[in-house]
Amino acid sequence: MTTIDDAKGWIAQDPDPVTREELAALIDGAEAGEAPALAALADRFGSRLTFGTAGLRGELGAGPNRMNRVLVAQAAAGLARFLVQRATESEGRTPSIVIGYDGRTNSDVFARDTAELMAGAGVHAILLPRMLPTPVLAFAVRHLDVSAGVMVTASHNPPRDNGYKVYLGDEDEGAQIVPPADGLIHEAILEVARTVTVEELARSTDYDVADESVVDAYVERTAAIAARGADAPADTEVPFVAVPFVAVPFVAVPFVYTPMHGVGWEVSQRVFAAAGLGSPTVVAEQVEPDGAFPTVAFPNPEEPGALDLAIATASRVDATLIIAHDPDADRLAVAVPLPESATADSGGWRRLSGNEVGALLGWRAAERLHREGREGALAASLVSSPALSVIARHYGLDYRDTLTGFKWISRTPRLQFGYEEALGYLVNPDTVRDKDGISASVEFLAMVGELAAAGRTLAEHQADFDAMFGAFASAQVSLRVTDLSRIGQIMAALRDQPPAEIGGVRVSEVDDFSRGFGDYPPGDILRFWMLGGARVIVRPSGTEPKVKVYIDASSDSGSVAERRASAQAEVAALEAGMRALIG
């Protein structure tokens, strides 16, 4: 009866009538011996959402293994204890925090609970004025010079999820938490859960609500990105042909925009206008925030079908590009029209991969540094394409592969540009220390506008890239599971009996990160190097019940068409091989 008793104890401290009622029904069923109710209680109370380097993220519902007001209150109180202790140890100022939230179910409730509990614990709390994108919160941590930030969001997760993302200020400069801070916060949360009930936690309404100047400052700083591409002297020497990185003003190109039922539109439209990028045609069905995400199965622009409405809109208005954000606007997806001769099941449009966009933006950043005679570093997650390292080497810049996540990318010394293949880009690290879909949109639209002003197309620009650096191809295999133990079984099988070949390509070397590898800490990652230089990386997803496989190959021999064909053929063979291996 322990689980039922735990559930009754949970109800006693739950301030939310919705989850109280939900849990009461399960308790009644469990006491009547109903197997589904007993299984549901075991799932909710058999484990607890762990506070890690992505903060908290999970399905809404009652119990410690769900996102709810009790769990969030415990998290807020634990984080407050961590911030107070940190300030005491450093003999610093009064700890402070800024709190943001998006349009998901209960995001506003969790944010206000956090503000009240922080204020009750002696932390100076500032609540952003309304639902806003995650990049605005990340910006506010630095702009307001606070000790920490919390963003209530589950980003691109399914509609029933929510989350709690934590940033640290001061010496962490507004980056997401990393070890050991995540572990210390987790222990503080567990201590709260063990020793006090939610109703015993001190609350106060003595917190501040930020004014519009925070949003205004973000808009101004982000719009200024558009002016960076054309500020070179007119006589700047171009180191190679047909690259519009000299004094060529951009022109506004017609594009379609969707925030995918998220919170990106209000701020994005202000940024686009201030940057001179024009006013896009919006996807009317998806422009208003809606936590139910009614037009998409998953509110993630990477998912099949997610851009269907955007493609239909773009085809109708003859747009040049599609710009899509995920619901909290920290990711950017770009789609382009296919050539008239091409046939596809995608309505005549193709979404650029995160690696394609990352390579083009990284090239742009490297060329800007070269043009201005500045040094710096580029960085990408280790599962992203090797293309960025080739760019860095060409320009004599530092380069770093990091673990997945911008908590690591953003901490690269002297960083000037960073990205990860999952549609995340950091183009303005002096302003935001996290991925930012809005600033990346400005950079990409300005680049396409400069190309248009020079009479060139994005396709021609991509061909220039392949001619200069080689053609890079990539693919992903993503296996979603319902039984989480399946993930461990797949990883163990690949470790215990690593394949000698994948898709007919011989494996030359295997890197196992489970005990650490080089400068990397231990992690559940396997990297297979193939004869000829291609690679395959396998790891569990950090936010979803998936095993993810990342495949990359390149070619620098022959014409651009031959290079592309060679790289794509190898990737296709490796993809087929991995699908056969992991099912």
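This is a predicted model: local features need pLDDT of at least 70, side-chain atom pairs count only at pLDDT 80 or more; totals for chains, interfaces and linings use all residues.
Is Ser384 buried or exposed?

**Stop one: Ser384.** Select Ser384, in the loop between strand 13 (377–381) and helix 12 (387–395). Its relative accessible area is 1%, under the 20% cut-off, so Ser384 is buried. Now show what surrounds the residue: leaving aside neighbours within four places in sequence, Ser384 is in contact with Asn355, Tyr419, Glu420, Glu421, Arg535 and Asp552. Zoom in on Glu421, whose backbone nitrogen lies 2.9 Å from a polar atom of the Ser384 side chain.

**Stop two: helix 5.** Next, select residues 107–120, which form helix 5. The end C-alpha atoms are 20 Å apart, in agreement with the 20 Å that 14 residues should span at 1.5 Å a residue. Most of this helix is covered, with 10 of its 14 residues buried; among them are Phe110, Leu117 and Met118. To see what covers those buried residues, display helix 4 (69–89) and strand 2 (96–101), along with strands 3 (124–127), 4 (148–152) and 5 (161–168), which are included in the cover. Just past the helix, click on Gly122, where phi is positive, at about 90 degrees.

Finally, turn to an open sheet of 5 strands, ordered 9-8-10-11-12 with mixed pairing. Strand 9 (281–282) and strand 12 (349–351) are the edges, each pairing on one side only. Further in, select residues 255–258 and 321–325: these are strands 8 and 10, which run parallel and are joined by 4 bridges.

Conventions:
Residues are numbered from 1 along each chain as its sequence is written. Side-chain values use heavy atoms; hydrogens and water are left out. Two strands pair if DSSP finds at least two bridges between them. Helices (H or I, at least four residues) and strands (E, at least two) are DSSP runs, numbered from the N terminus. The expected span of a helix is 1.5 Å times one less than its number of residues. Buried means under 20% relative accessible area, exposed over 50%, partly exposed in between (1.4 Å probe, protein chains only). Contact means heavy atoms within 4.5 Å. A polar contact is a pair of N or O atoms within 3.5 Å; within protein, one must be able to donate a hydrogen and the other to accept it, and residues adjacent in sequence count only if both atoms are side-chain atoms.
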